[in-house]
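Subject: Structure handover

Hello,

Here is the structure you asked to take over.

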Amino acid sequence: MDYFIELFCSGITRGAIYALIALGYTMVYGIIGLINFAHGEIYMIGAFTSFIVATVLSIYGFPLLAIIVVAGVAAAVWSSAYGFTIEKIAYKPLRHAPRLSPLISAIGMSIFLQNYVLLAQTSDFLPFPELIPDFAFMEPIAHIVGSSDLVILITTTVVMIILTFVIKFTRIGKAMRATAQDRTMAMLVGINVNNVISATFIIGSALAAIGGMLIASHIGQINFYIGFIAGIKAFTAAVLGGIGSIPGAVLGSLVLGLTESFATGYVSSDYEDVFAFALLVLILIFKPSGLLGKDETQKV
Amino acid sequence: MFTLKEIKKTVLISLWFVFLTFPLMVIKVDPIEKTVLWRWHNALYVAIGIFCIRCLIEFFRHRKQQKEKKKKNSSDDSQALIHRILVDPRKRNIMLGVLLSLVVIFPFVFDTYQTNIMITALMYVVLGLGLNIVVGMAGLLDLGFVAFYAVGAYSYALLNHHFGLGFWAVLPIGGGLAAFAGILLGFPVLRLRGDYLAIVTLGFGEIIRLILENWNEFSMGPSGISNIDRPYFFGINLSLEHSILYLYYIMILFLIVTIFIVNRLQNSRLGRAWIALREDEIACQAMGIDKRKTKLVAFALGAFWAGVVGVIFAAKTTFINPASFTFLESAIILSIVVLGGMGSIVGVIFGALILILLPEYLRALSEYRMLAFGAILVAMMVFRPQGLISKIRRTYTFKQE
Amino acid sequence: MTTPILKVTGLTMDFGGIRALDSVDLDVRQGEIAALIGPNGAGKTTFFNCVTGIYIPTAGEVMLTPAGSNKSKNLKGLKPNQVTQRGLARTFQNIRLFSRMTVLENVMIGRHCRTKAFILGAILRNRATRREERKILEYSYALLEKVGLANQADEFAENLSYGAQRRLEIARALATEPLLLLLDEPAAGMNPQETKELDELIKKISREGQAILLIEHDMKLVMSLSDRIFVMDYGKMIAKGNPAEIRTNPDVIKAYLGE
Amino acid sequence: MLKLENVQAGYGSIIALKGVSLNIEQGEIITLIGANGAGKSTTLMTISGVVKSRSGKILFNGSEIQDKGSDEIVRMGICQVPEGRHIFPQLSVQENLDMGAFLRKDKGGVKKDLEYVFDLFPILAQRRHQDGGTLSGGEQQMLAMSRALMARPQLLLLDEPSMGLAPLVIKQIFEIIKEINESSNTTIFLVEQNANQALQVAHRAYVIENGEITLSGDARELLTNEKVQKAYLGI
Amino acid sequence: LSSAADTIKFGVAGAHSGDLASYGLPTVKAAELVVEKVNANGGINGKKVELLVEDDVCKPEVATNTATKLISDGVDVVLGHICSGATKAALPIYSNAGVLVMSPSATNPALTQSGEYPNFFRTIAPDDAQAKIDVEFALNNLGYTKIAVIHDKGDYGKGFAEFAKKFLEDSGKAEVVLYEGVTPGAVDYSAIVQKIKRSGAQAVMFGGYHPEASKIISMMRKKRLKTDFISDDGVKDNTFIKVAGKDAEGAYASGPKDTTKNPLSIQAVEEHKEKYGADPGAFFENAYSAALAMLNAIEKAGSTDLDALKKALQTEKVDTPVGSIYFDDKGDAIGVGFSVYQVQNGEFVEL
Ligand SMILES: Nc1ncnc2c1ncn2[C@@H]1O[C@H](COP(=O)(O)OP(=O)(O)OP(=O)(O)O)[C@@H](O)[C@H]1O
Ligand SMILES: Nc1ncnc2c1ncn2[C@@H]1O[C@H](COP(=O)(O)OP(=O)(O)OP(=O)(O)O)[C@@H](O)[C@H]1O
Ligand SMILES: CC(C)C[C@H](N)C(=O)O
Ligand SMILES: [Mg+2]
Ligand SMILES: [Mg+2]
C-alpha cells in the first residue's frame, strides 16, 4: 500500500508538471486550432531565462525570495514576448492558409529556437539553482512528496482554477471562446481578434515560463533540448484530456503522469511510454474527443 | 521608397528584438564559477541584423507590389510556368525527356557524395508521395509515418540478418508488412477526427520505436543491426561506388513506378473518394462511400511505400538502429508534403529535394545549419502558404459518342 | 395498392431531455412527391437524419421497398453509406458540397456506390475500369445537363451561386440512383426566379418516376409540387393530406401557416 | 448616415465589388436586392470591415471607416446578422446572446433586452441552455437575429434574415424589422432574396448586379418596375 | 591519397546539432584547440592541418552522407563519430577509401572486437571493460549483494548495463534485484526511484550519461534514499558534479586513470576555458587525446596511408590527457588505465 501511495504521488507530480505545459498548449490549440510545436521551446526559453536571471541575482547576493520572484517574472515576461513575437512572425501570416501550413511553420520555429538557444548559450547541461528549499514541515513525508512537488502541485491547481474562471466568466475569456468557434462572427460582435489571439499566446507562454522555472528547479538541470520531450508529452496530455479544455488539460496530464508512474512501478519503465500512448489510443477510441472534450457538435 | 515612417517602424522592431533576445544573447552566466559575461556586442548584431532583414523583406514586398500593379491581368509566375508545361502534353513530354536524361547522367557528372545524397533525396520523394496519399489526398494527418518506414527497414535488416534473405526478396515483404501495420493502426483510429488522429499516429510511431529500442531479443535494441547486405547485382557483390550507383538507378526506377501508380490512383474512383472524404466526411458517407474501407486503404497504401523505402534505406546505410526513426523524421516527411503543396505530385518532388538537399548544402554554414533550416522552413511557409506548387485541377473532357 | 417505397413507423428520437421526434409515422409512395412541413424546430431535419443513418433513432422502424417488389429492407441501425447503398439519397439543409472539387467531380462521387473499380483497377486501368470510368462520366454529365449545370462542369463547387449549389446537391444525390430522394429545404436562399426554376426541375425529375420527399418552408413551392403533405409540430405528426386539405386544416394554420 | 463611395472589394483575384456607391440616411430601411453572387453579402462584409475594401471610401456619420478594424466599426454602432447565421456552435443560446452584447456596459439594459428577445422568440427561451450548434436551422436564424438585437446598434445590417424560416416567423421577422426601426429609430440595411417582402417594408432600395449598383429608388416604385419584377420578383 | 596536397585534412564528425549535440560539440572544440596549437608550431611534417567539421546528428543515415562528404573533400583522418550507431554506418565508407577513424566516445564493443572495422580506433573503453571494473568494485570493494542495474535505453547505457548484469550474475556473489531502462529526457524520475527503494538494492549501477545520472541521483536523495550510486565514464564528467551538486557526494564512477592530475589534462582544460570561456563538455579529453594520437601517428608515419598510420598507432606511445597511450591491434587504447572514482568534496577522487 505504501508503494502504491508512493507511485501515486510520483504520478501526480509528473502529471502536474505536464499540466503546466499542457495548459498553454490547449489554450493555443483551442483558439487557432494549431498544434503549436514551438510551445515546448517557449517552456525551454522560460527555463533558460529564469536560470540566467536567478544566477545573476544570486551572484550579486540577492535573497532567495527576491530571486524567485524576479526570475519568475522575468521568465514570464520574456517567454510571453517570445510567444507574442512567434505568433506574429510565423502564424499570423498563415491565418487563411491551408490547415497544415502553420503546423509546418511551427515545426520550423521549434527547430530554429532550439538551435538559437544552443548557439546563444551552450549545448551543455547547466545546473539549475535549487529555488525551492526543503520545507521543514514536509520532512516527515519527504520520502514520498518533496517540497518542489508540493509547490508544483499547488501552482498547477491554482493556475487551473484561475484559468477556468477567466475563460468561463471574464470578458477576455468569452472573447477567446467566441474567437475559437467562429472568427468572422467574433469580429462582427466587436471582438478584436488579433488582440485576443495575442493575449492567448501571451498567457500560454507565461504559464509555460512559470512551468519552466519550477520544473527546472525540480529537476535541477536544463539544456536547449528539454522543451522537446516535455512538449510532446504535454501535447499528448492535452489531447487526452480533450484539447481546448482547461480542466481537460490538467486531468489528461494527471492521467498520463499516473499511467507512466504505475507502468514504471508495476511493470517496467522500459515500456512506460508505450503504456502512456497505448492508454491514449484506448481512451480516444472510446471517447474520440478526449476525457473532457466536448463532442464536436455536428448538426447536419 | 522607404518613408520615414517605415524606417521608424523598422528601428522599433529592431529594438524589440534587442529586448527579446537580451537575456539569451547578451548574458552568459557560469553558475559554478559565479561569473557573468555581458556580451553587449551581440545586442548590436541583433539590432543590425533585424534592421537589415526587415529592410530586405520590405524591399521585396514593395517590388512585388510594383510588379503586380504593372501587369495586373497576366498571372504568370514560376508556378504558372510549371503548370503550363504540365498541362500541355507535348511540352510535358519534352520536359520529362530532358529531366530523365539529366537524371540518368547525373552520377557521371557529379561525385559519389552527390549521388549518395541524391539517393537520400529520392527516398524522401517516395516517402513524401506515400504520405501524400494519406495526408494530401485523404486528408488524414499522420504524424507517425516513420513507423512504417521502420517496419520496412527492420523487415529487411532482420530477414537478412537471420535468414540471409536478399534485397529483392524482402522488398515486397517489407512493403506488405508495413501495409499490414498501416491497417493495424488504421482500425482503431478510424473514428478519430483531425488532430486527435495526429496525436494517436504520433503515439503509434513512438510505440514502434520504443519496442525496437527495448525488445533486444527481437530487434537487437538500441545498438542496432549492422552489416546489412547491399543489393546484389545479379549475384555479384559490388564495390561501394558501384553499389551506390546501382542503388541510385534502383531508386530512379522505383520513383518512376511510384509516380506512375500514385498518379493513377489520384485520378481514379478511389482517388476521388479520398479527396471527397477530406472535404466533408458526412456528405461523403451520405453519398454511399464506406469511410472505413476508404481510409484503411489510404493508410495501407501510404504505409506500403514507406515500407518499401525502408527496405531500401536499410540496404543503403547497411546499418540501422532505432535512432533513425524518431518523430522528427515524421515531421520532416510531413513538411515535404505540405511545403511542396498538398496533393501535388510535382510539389512533393520539389519539397523533398529542397528539404533533404538543403541541410546537406547548408553544411557550409556548419553550426548555423539547423538554425538556418528552421528559419527557412518558417519563411517558406509564410511566403508560400499553399505550398510551392499547388495541385493541378483535373478536368474531364467529355465526348459524346 | 403497392407497398409504399418508404414506410416509417413510430420513429422516436431523444436528445438528452428533448424528444425531437415522437413516434412519427410517414410513408412515401411510388412516384409521388411528398412534402414534410412544420414550424422551425419541429423535427423535420432530425427525421431525415434518423432515416438516413446519421442519427440512430431511439425507437421506430424504417422500411424501404423497391418499386414493384415486396422485399423490404430495414434501414434502422445502418450506417449512412449503407443507407445510400440501399437506395435513399439526400441533400442537406446547410449545403454540404465538396467545395474544392469540381462540379462534375461532385456528381461523380455520387456514382461511387454504384461502381466498383478499386486499387488494382486504378493502377492497371484495364478495359473494365476504363469503361466504368467512362460510364461514370457520361452518367454524371447527363445529370448535370438535367439540372442545367453542364456548362459549369469544371468550376469549383464553391464558386457556384447559391441556387446552383442547391441544384448540384440534387444532381449529386440523384447520381446514387436512389429509390427515394430526400430534399431538405431545397429552395432556401433562392430568389423567386430561381425557386421557379427549381419547381420545374423537381417536377421534371418526378415525371421520370423518381419518388421524392421534401422539407420546405416556401408554401408556394410545396403546394405546387406535392401530392401529399405531412405536417409536424413539436416532434409529432399533426396532419397529413393533399395540399387542399392541409391548406384548410385549422391545426396547421394555427401552428404553421398563419393567415 | 452611411455612405459608400465607389467601393471596390474582392477575394484574392476575384473582384466582387466594382465600385459601389450608396447612401443610407438615419432612420431609413434600405434594401439591397440582386441575384445570387451579385455582391450583396460582400457589400455588408465590407461595411463591417471583415472584407477590406481595396479602394473607395466608406463614411459612417461623417468619419471614414474603411481602414478601421471590424471591432472598432462594431463599437461605432454597426452590427450585422451575417449570411449563414454564424452561431457560435458550442456556446449556449444564452451565451450566444451575451456575445451579442459584448461591447455593452449597461447590465440592466442588457437584461431588459434579453427579456425582450426571449419574448419575441419564446422557443429561444426554452432552449436557453442548449448549444447553439444543435439548434434547428430556423432556430439558429432566430438566434442570429436576436443576437444582433442585443447589441442595440445604430445601424443594423441584415443578410437574408428570413432564410429557412417558417412562413409565420418570416412575417414576424419583417414586423420586428419595422418595429425596431420605428420604436428605437434603428437604421436598417436589409439584404433579401425575398425581394417582394423586402421592398414592402423598405423605404428605398438599390439593385446590385455583378458588383455594380444598377438601379435605385423608392421601394414601392421598384416594386412596380418591370425589370425588377421580372428579374427578382419572379412575376 | 593526398600526399601531394599541402595540408593535412583532419575531419571531425559527430552530432553537432539536435538532442545529442552536447556530446558532439566538445569534440569539435578539442580538435580546434589541438589543431590550432599544432599549426602554431609549424604543422606536421611541414604541412598545416586543416579542419573539416561535419555534422551527423548521430543518425546512421546522415552519417553515411557525412562520411561520403568528407571522403569527397579528401579527408585524411577522421576524429569521430560520436555515436556507435553512426560510426558503424560510416565506417565501411571510410574503410573503402582507406581513411583512419578514431572515436572519442563510440563505446560499442563490436566496433573493435568484431574485427570488421580495421580502420577504427578509439580512446575510450568499450562498454564491457567498464562494466567489468564497476562490477568488480561493487562486489569486492564494497561487498554488495543486491544491486539494481538501471540504464538510459541508449546503445551506450544499455550496452554497459547488459554487461554489468551479466557479470554480476556470472559472479554468483550478488543478485540483480532490478534491471530497467529509464526514459532519457523524462521530466521526473521519482517512480523509478521508488521502485529502486522497494527493490532493496544496496547500490544502483547506472549505464548512461550524466544528465540522467544527476537527475536520478538527485531524485534518490530527495526521496531520502541513501543507496549508493555506481556508474560509468559517461557520468565521470565534471558536469555531473556541477549539476547534481551536493547530491553527487559519494557517488562512484569509473573512468580513465587520474586524468584530473595529469598536467596535459589540466592544460587542455585551461586552454578550453581560455578560448571558449567555459568548462569543456563530455568526451573533451578523449577527443583531445584522439586528436593528439592521430596527429602524432601522421608525424611518425610520415604519411596518411592507413597501414602506416595503424602501425604508428600500435607502436608509438603518445602522451595525452588520458594518459600515455598506444593502441592494440583491434583498435582499443592501451595505457588508459581505468579505475573507479568517488565524488568527495565536489571532486572525483581516484580510489
Ligand atoms: N444534436 C442535437 N442535440 C440537441 N438537440 C437537438 C439536436 N439536433 C436537433 N435538436 C433539437 O431538435 C429539434 C428539431 O430540430 P430539427 O433540426 O429537426 O428541426 P427542423 O424541423 O428541421 O427545423 P427547421 O425548419 O428550423 O430546420 C430542435 O428543437 C433542435 O433544437
Ligand atoms: N470567401 C470568398 N472567396 C472567394 N470568392 C468569394 C467569397 N465569397 C464570395 N465570393 C465571390 O464574390 C462574389 C460575390 O459574392 P456575394 O456572396 O457577395 O454574393 P451575394 O450577392 O451575397 O449572393 P447570395 O445571394 O448567393 O448570397 C461571388 O462571385 C462569389 O463567388
Ligand atoms: C554520445 C554517446 C551517445 C555515444 C555512445 N558512447 C555510443 O557508443 O554510441
Ligand atoms: Mg431543418
Ligand atoms: Mg449573400
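Below are notes on one chain interface and one ligand site.

This is a predicted model: local features need pLDDT of at least 70, side-chain atom pairs count only at pLDDT 80 or more, and totals for chains, interfaces and linings use all residues. Residues are numbered from 1 along each chain as its sequence is written, chains are lettered from A and ligands numbered from 1 in the order written, and side-chain values use heavy atoms, with hydrogens and water left out.

**Chains A and B**

Chain B puts 60 residues into the contact and chain A puts in 67. Contact here means heavy atoms within 4.5 Å. About 5,600 Å² is buried between the two chains, and carbon and sulfur atoms give 78% of that. Buried area is the accessible area (1.4 Å probe) that two parts lose on being put together, summed over both.

On the side of chain B that touches chain A, these elements each supply at least two residues: H1 (4–26), E1 (27–30), E2 (35–38), H8 (194–214), H14 (327–340) and H16 (369–383). Helices (H or I, at least four residues) and strands (E, at least two) are DSSP runs, numbered from the N terminus. H8(B) gives the largest share, 12 residues.

By class, that side of chain B has 44 nonpolar, seven polar and nine charged residues. Ala, Val, Leu, Ile, Met, Phe, Trp, Tyr, Cys and Pro count as nonpolar, Asp, Glu, Lys and Arg as charged, and the others, Gly among them, as polar.

How many salt bridges cross the interface of chain B and chain A? The rule (a side-chain nitrogen of Lys or Arg within 4 Å of a carboxyl oxygen of Asp or Glu) finds zero. Polar contacts do turn up there: 11 residue pairs, both at pLDDT 80 or more. Such a contact is a pair of N or O atoms within 3.5 Å; within protein, one must be able to donate a hydrogen and the other to accept it, and residues adjacent in sequence count only if both atoms are side-chain atoms.

**Ligand 2**

Residues from chains C and D surround ligand 2, so the site is shared between chains. Among the 15 residues around ligand 2 (a heavy atom within 4 Å), Asn36(D), Gly37(D), Ser41(D), Thr42(D) and Glu83(D) come nearest.

- Gly37(D): 2.8 Å, from a backbone N or O atom.
- Thr42(D): 2.4 Å, from a side-chain N or O atom.
- Glu83(D): 2.4 Å, from a polar side-chain atom.

The shell splits into six nonpolar, six polar and three charged residues. H1(D) gives its largest share, three residues.

Best regards
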